[in-house]
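User: I would like to learn how to read a few features of a protein model. Please take me through them one at a time.
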Amino acid sequence: MTAIGLSATEKTNRALLALLLILYPLGALPFILYEVYRGRKYAFLLLSLWMGLFTVLFPPVSDSYRHYLDYLACRTQTWNNVLQDSGMDMGLACLNMMCAKTGISFEMERFLITVASLQMIFRIFNDICRTNRVLDNNRYRLAFLLLLCLNYRYFTLIIGLRWLFAATIFTTGAYLLFAKDRKLGLLFAAAAIFMHFAITGFAVGAALLYLTRFRLSKTLTTALFLAGWTVSALVFDRLLALFVGEQEVSHHLNAYINGNYGQDVFDGFMNQNAFIYIYLTYLPLIPLSAYAFAVPWRNRHTLAGIAALGMLMLGVTVKFPIIQERFVNVETMLLLFLCMQTFSPDRFRRLCLKTALGLSALSFAATIYAHRRFLAASRLHQFIYKPAPLILANTYDEKWLQQNLDSEGLPMFQYRL
């Protein structure tokens with residue numbers, strides 16, 4: 001039913017649910033989830049807004065702490081200073097500058113990034129549900145929705161801001177390119193580079209696949225993946241060795257390749273279980289990859305081409321978990337949407353879907369555990385008694401940061417669980 005053809009009762013119910021979200025967000029959540037289950041598109045917007053409120057109450061820790069400091073610095077800086085310091089990934093720097101100069105709080109900026117990111121992902125989901133009639137079945141649509149929510153790295157988005165926002169913009173561009181055949185997708189892919197430079201490999205590869213009509217076969221993809229797996233350590237070690245004399249460059253390469261940010265980047269964050277956590281996040285790739293390799297690859301009509309490119313990039317970076325963890329975020333989304341596009345309820349595909357759901361639940365549980373300190377430091381308890389306008393007015397001021405976070409943006413108290 002279109003918005004124009006809504007009955008008076010349906011319009012009233014939607015207005016009341018929107019009002020309830022404003023007055024008591026926690027009480028609105030069950031009704032929003034029910035409407036999402038029914039496939040109502042407006043409910044996806046309400047869910048995005050609800051998650052945006054969650055972001056506002058989540059502290060600016062780790063990377064977002066450093067972005068907050070940049071935001072504060074923007075109040076006294078000029079555009080020239082900001083653009084020169086930001087380099088290639090100027091997207092977030094420009095957002096910081098615009099918000100700082102116009103009086104928009106950093107929490108509101110994070111709110112807008114969250115809502116925009118989730119809306120892009122939900123729009124792809126709903127568009128695929130519309131084009132693949134098999135997903136009219138509520139059971140399959142709900143299964144894929146759960147798979148999407150479990151695998152979209154929400155904490156990566158609100159803690160790091162730049163990377164997953166860039167990955168989401170790119171995923172939207174890839175979908176437009178390979179599913180809708182729109183040149184607008186190239187614009188999205190290019191825009192993603194300016195949000196985070198690490199997306200460049202994906203963006204350039206997607207553009208080449210689209211413009212050249214080159215097709216990656218399953219056999220070629222498998223061979224190149226295994227070859228990349230074999231030589232990746234040698235290639236990256238030699239690349240790093242080229243910059244031994246350049247201390248600043250070497251430091252940044254070490255940070256992105258090996259995760260060395262002066263101290264162990266994971267020390268105290270995940271209690272020495274960082275690599276266990278990372279590899280748990282890889283688990284959903286197993287059934288999703290098996291599914292992708294079991295369906296016909298029509299590169300001009302599905303995401304198979306760019307998903308194959310993602311497999312190659314994972315092969316090349318297999319020994320470097322910091323880089324690979326970023327690429328896994330993108331590849332998981334690409335494979336998931338590819339599976340949605342080509343889904344039919346045969347026995348093998350249903351098995352892959354069930355396995356992916358089970359492994360995604362395990363991966364999601366690991367994510368919650370890994371971020372338990374950040375959750376404990378948040379103000380999420382305010383959902384119990386505050387309306388949306390008061391939640392949106394929440395700020396983590398400089399005094400709170402000094403009293404509760406260390407110089408790396410991590411909570412000062414420790415968990416030993």
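User: Does S378 count as buried or exposed?

Analyst: This is a predicted model. Buried means under 20% relative accessible area. S378 has 10% relative accessibility, so S378 counts as buried.

User: Where does S378 lie, and which residues is S378 in contact with, leaving aside its neighbours within four places in sequence?

Analyst: S378 is in the loop between α20 (372-376) and α21 (388-392). With those neighbours left aside, its contacts are L57, F58, P59 and Y396.

User: How are two packed helices described?

Analyst: The description uses the angle between the two axes and the distance between them. Take helix α3 (residues 41-57) and helix α7 (residues 106-131): their axes come within 8 Å and cross at roughly 150°. Angles over 145 degrees count as roughly antiparallel, and α3 and α7 are therefore roughly antiparallel to each other. The crossing of α3 past α7 is right-handed.

User: Which residues in α3 meet which in α7?

Analyst: Among them are F44, L45 and L49 in α3, and F111, L118 and F122 in α7. The residues of this contact of α3 with α7 comprise twelve nonpolar, six polar and three charged.

User: At what angle do the axes of α10 and α12 cross?

Analyst: The axes of α10 (residues 162-180) and α12 (residues 200-212) cross at roughly 5° and come within 11 Å. That makes the two helices, α10 and α12, roughly parallel. In α10, F170, L177 and F178 meet F202, A203, A206, L209 and Y210 of α12. This contact of α10 with α12 has eight nonpolar residues, no polar and no charged ones.

Definitions and conventions: Residues numbered from 1 in each chain as written. Predicted model: local features only at pLDDT ≥ 70, side-chain atom pairs only at ≥ 80, totals over all residues. Heavy atoms only, no water. Helix = DSSP H or I, 4+ residues; strand = E, 2+ residues; numbered from the N terminus. Buried < 20%, exposed > 50% of the residue type's maximum accessible area, 1.4 Å probe, protein only. Contact = heavy atoms within 4.5 Å. Axes fitted to C-alpha atoms, helices over the stretch in contact; angles between N-to-C directions. Parallel < 35°, antiparallel > 145°, perpendicular 65-115°, else oblique. Left-handed = near helix turned anticlockwise from the far one by under 90°. Nonpolar A, V, L, I, M, F, W, Y, C, P; charged D, E, K, R; others polar.
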